[in-house]
Structure formats: C-alpha cells, structure tokens
Amino acid sequence: MLGFGKLNLKERTLAHLVTPEIEHLVASIPKPVGSFGYDPWGYNEERFKVALGVCKLLYEKYFRVTAHGLEHVPKSGRVLIIGNHSGQLPMDGVLVGVAVATNPDGPRLARAMIERFFPTVPWLGNYLNALGGVIGDPVNCVKMLEMEEAIIVFPEGVRGSGKLYKDRYRLQRFGNGFLHLAMHLNTPIVPVGIVGCEETMPALLNMAPLAKLLGLPYLPVVPSLLPLPARVYLNFGKPMHFSGCATEAEVAERVEEVKAELRRLIDLGLQERTSIYL
Amino acid sequence: MAAAKPHISKKTILVTGAAGSLAKRVIARLHGKYHIIAVDFRRKVDTDAGIPSYLVELHKRGFEDVFAEHKIDAVIHIGRMFAHERDRLQRYNANVLGTKRLLDLSRKYGVTQVLIHSTYFVYGASAYNPALIDEEAPLKASEVTQELVDSVEVESLANIYLWKHPDLNITILRPCNVLGPGVRNTMSILLARAMVPVLVGFSPMMQFLHVEDMAEAIVLAFDKNKPGIYNVAPDDYVPYQQAVSECGCRKLPIPSIPPLLPRGISSLLNWNGFFPPYMVSYFKYPVILDGKLFRETFGWKPRRNLNDIFSYYRKQKLVAKAVV
C-alpha cells in the first residue's frame, strides 16, 4: 500500500498541476511533434503541460500578472515577440510564455531563446529544451520562423537581464539580428513592455571578476536568491512590419523605432502600477 | 531467347563495403537491373551468381585491376573502416587514401557516376549546434575529436572532385543513425547490448533510419542521379535515453562532467566498439539533420517508423532471454 501511496502522491500532484484547463489549452495549441511527442529541438508536450501548470500558478498567484493587448499576438503564423529584459533570472521570458500559451484569443507555444551555456548544464539544458527553449542561434530562428512558430527574443540579451537596479527600465543596447530576421523572413514584430520583473531581483552590484572565473555572464549581489513577488504588467503592442532590404544604418533606425514603441509600452505599465509588491 | 536482350545497355556498378548489411541490401535491389561488382577489404563476399566479388583494399595497387578487368560505369562507395576495426593510421589510409584512389581510378576509367555514403558525424556534436542542420553547415567533427578527421577528409576530397570533375556526377549522402538487422556500426552494436551507458543529465535528440530505408534512399539517389550533397534523415526525433529504453536496454548512468571523466571511463573499460571515448560528445549534444532537401529532391520518405526500428532490438533481447 505504501508503494501505491507514493505513486498516488505523484499522480495527485500532477493532476493538481495539469488541470483539465491546461490539458485543453495544450491540446488547442497547434504544434506538430514526432511519434514520441518531440520536435527537432526537444520540445515535449507532456513536460510542457507540467511546467505550464506550475508557471500558471506563479503567473496568477505569485506575480499576479496583468496582461493587456494579447489580441495583438497573431493566432497563427510566424511572429517575433520582442521584450525588454530584466530581473537576473529569465522570469520575464517565462511570464510572456505563459501569457501567450494561455491567451484567450488563441493559445500558442512561444519559443524562448536561451543562453548558450545552458545546454552544457546537466538536466537543465534538456529540460529547457523540453519546455520549448532553444539556444539563440540564427539558424534555429530561421528554421522555426519558416515553420510558422512564435519566438520570444530579448535583443538586449545579458546586458538587459544582468543590469543593476539603478538602471531599471532603461533599455540597453539592442542587437540588430532580430530585425534582420523580421525583414528577411517577412515576420511581424509584436513588442511587449514588461514592468515588474526589474523588482523581482534587484541587483545592487555585479561581481564581474568572480562571474568570469565561474564562466557565468554575471553574478549579482541580490537581497534574495528567489525572485521577489513583484506584480508584473505586460503590455503587448500592435504588430510592426518591416520589409525589404536596408543598409545597416537603416536597420539601426528601425531598431530605434522598436525601442521607442517598447519605451511607450513600458511607460503604460509603470503608469498602471500602483504598488510594487502589495 | 535470352541472347536477344541487348546486354550492352546494362550499366556495371562497383559497390564497395559489399560485406556490410547496407551494401548487401543495395546490391540485392540493383542486381538484375545492373551488372554488379562487389568489393570489400574485410572478406571476399559470397554473392549471388553473376556477381564478381573481390577482397581488396582500395588504397592498394590490386584495386586498379578491378577497373582494368571490368568496364565500370558507376561506383557506390559504402565501404568504410570503423574505429573499432583498426587503428587510426590504418583507418586514415583505408578511408581517405582509399577514397582518393577510388575517385582517381573513376576518372581514369571513365566512370560517369559516383555515390558516396558519408555520415552525420561530420557535423560534430556540440552544445552550440542548432537543430535541423543544413548541408551547407560547417563540418566541425575534427574540432570535437581527431578520431573523426578521416570522415571529414573523405568529404572534403569528395567535394573537391565534385566541383572539379562534374563528369563524375558525385552524390554525397550524409545519413543519420542507420539501424536494423545485421548493421554493425557503433550505434547498432550499442543498442543491441543489454546494458548501455548513458551520460547523467544528458539525453540529446537523435534521428534513426532503418537500414532498408537507407538502402532504398541509396538506390533512389543512384537511379535519379542528381549530383550534390544531401542529408538523409526522417522528420521524427527521439532523445537518446528514450531510444535506449525503447530498445529494451538497461541504462548504465556514467558521470558526465567534467567531460574528461566519461571519456576516461570509456577508454579504461575499453568501450571502443560501442561507446568510444571520441564519440562521447555525440551522446551528450544533438546533431539533428534537416533532411528536407533529399526528401523533396528524390520524393523519398522512410517507410519504417521509430517503433519499427526499435522493436527489432527489443525482440532480439527477448529472444536472447528466452534462450537463456
């Protein structure tokens, strides 16, 4: 009986996380997989369901996310979701992913681009792949957009997520790669202004030499090792279309357009926010 | 009656690696439609009536006699010396110098079509690999290990001849893992075992192809003759550790980091035949091919799925148990 009890506990936990609502959501996400339920990058529907169950609880109960403009995320077809990056840990990517996966206007799987060192970490690399994460390689992006997928990109990269609390809501330098992809593959850009993640892990100091020694992109001094329960506001903007060829200078101008729109969306969130943690 | 058939129109094909299970299947499919000459460096193959068979090493002088004796029109180069068969120098000589000699003789004796069976190993397994690797991707295997230099060099040689001598009509096929009855490559030997090493915390995505489907792919590419480089892989994917379970193997977890550790364990326990030290990275990081070009160019689709492939290894173990 004891043995069965243990099994029951696991099943009961899973049943609690993977609710009929989650089952229904994932079933309605149009995502082709192979005979064992995997896609070429290692995405696995069963693991995604469990993770979505956990993250949906975090989304609703812990970060109490308010999302606006989800109707701007196309129901199908290729799209790049571009956001401002913050909060040391990629919680912002997770929350945008949950927002898109539970979108009442049409749930979708949004693939997150993960740091290149993750695949070298045992378990973590495979696990992130199973949830839809892939390393931020342009070849991956091209292949996924050609397969009409939705991709979340933070063009600031570690410059954004690793910045100190004093620089909060100040956009760092953007890479231009995402705009080239949008132009060449005729992909709409949906900007998302994220407010609240900066406060989940405010960094006072970056111990850069130690980070370098450990092979990490940054190592912040933070008040808590777990993300703090800050309220999060997501504001999705209207799709932006860029096409044709452009010189690098013109691309930079277009990137500025996206940044300007992101600043506007961040300001919307900041204005809406009345309390940071409560 | 038979004399009325115009025998001249039948092409003569030289097939290397004829003792292997893949070449045997290719020969079985082509025999009758073409004249076949079978060669292998391992042993003289017993063949059907009417198929001349030679025991010969490609880089040795005797090989030219085969060309002198028969009017060879085309070559299907499948024969490859595996790492567990001889040492690195002998392997280099057989694979790289052997292929060069094969291509030179093909030119000298007016061969008009060459098909080369390569491997997905040439792309190299790395943490930074994107998935769905195209044929244009750099071949990084020699970055991963010196033991695979011969595979990469065979490819670069073939590439030089491909653009320098278009009259050779060279087609290079890079298949994913080929499995099935009789296959003696590293992955097949591995999955036939009862207990199989897996790296703790790593289970890279993999692609598998049934040897019958690969034989069909070779025959199709040969018949249609569209020179170029092609990945041959299905659009179905499974993590390594799941493939191990599906094949009825028990997992033997071995420490994965630091990378020197699994390699050390492999060489210490002499796992060269099925989990060689230089291939450890292929059990850690994925090499997922985009097989679209081949599928679309040749209208090919594998007829056996992953379960068909794995069930052979599963049944083999059940039979072994029943016998015990």
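I count two strands as paired if DSSP finds at least two bridges between them, and I take helices (H or I, at least four residues) and strands (E, at least two) as DSSP runs, numbered from the N terminus. Residues are numbered from 1 along each chain as its sequence is written, while chains are lettered from A and ligands numbered from 1 in the order in which they are written. This is a predicted model, for which local features need pLDDT of at least 70 and side-chain atom pairs count only at pLDDT 80 or more, whereas totals for chains, interfaces and linings use all residues.

**Chain A, strands**

I looked up the partners of strand β5 (residues 150-153) of chain A and found that strand β3 (residues 110-114) of chain A pairs with β5(A) in the parallel sense over 3 bridges, with A:A110 standing opposite A:A150. Strand β2 (residues 79-83) of chain A also runs parallel to β5(A), joined by 4 bridges, and there A:I82 stands opposite A:V153.

For the interface I used contacts (C-beta atoms, placed from the backbone, within 7 Å), and I found 19 residues of chain A in contact with 22 residues of chain B. Helix α6 (residues 138-146) gives the most to that side of chain A, with 3 residues. I classed Ala, Val, Leu, Ile, Met, Phe, Trp, Tyr, Cys and Pro as nonpolar, Asp, Glu, Lys and Arg as charged, and the others, Gly among them, as polar, which divides this side of chain A into 9 nonpolar, 6 polar and 4 charged residues.

**Chain B, sheet and helices**

I traced an open sheet of 7 strands in chain B, in the order β3-β2-β1-β4-β5-β6-β11, with parallel pairing. β3 (53-55) and β11 (228-232) of chain B stand at the edges with a single partner strand each, so one side of each is left without a neighbour in the sheet.

For angles, axes are lines fitted to C-alpha atoms, for helices over the stretch in contact, and values run from 0 to 180 degrees between N-to-C directions. The axes of helix α3 (residues 88-108) and helix α5 (residues 149-164) of chain B come within 9 Å and cross at roughly 10°. These two helices of chain B are therefore roughly parallel to each other (angles under 35 degrees; over 145 is roughly antiparallel, 65 to 115 roughly perpendicular and the rest oblique). B:R91 and B:Y92 of α3(B) and B:D150 and B:E153 of α5(B) are among the residues making the contact.

**Confidence**

I checked pLDDT, the predictor's confidence in each residue, from 0 to 100, and chain B averages 92, with 97% of the residues scoring at least 70. Over residues 1-6 of chain B, however, pLDDT stays under 50, and the model has 0 contacts beyond four places in sequence for them. The model scores ipTM 0.89 and pTM 0.90.

How values were computed: Contact = placed C-beta atoms within 7 Å.
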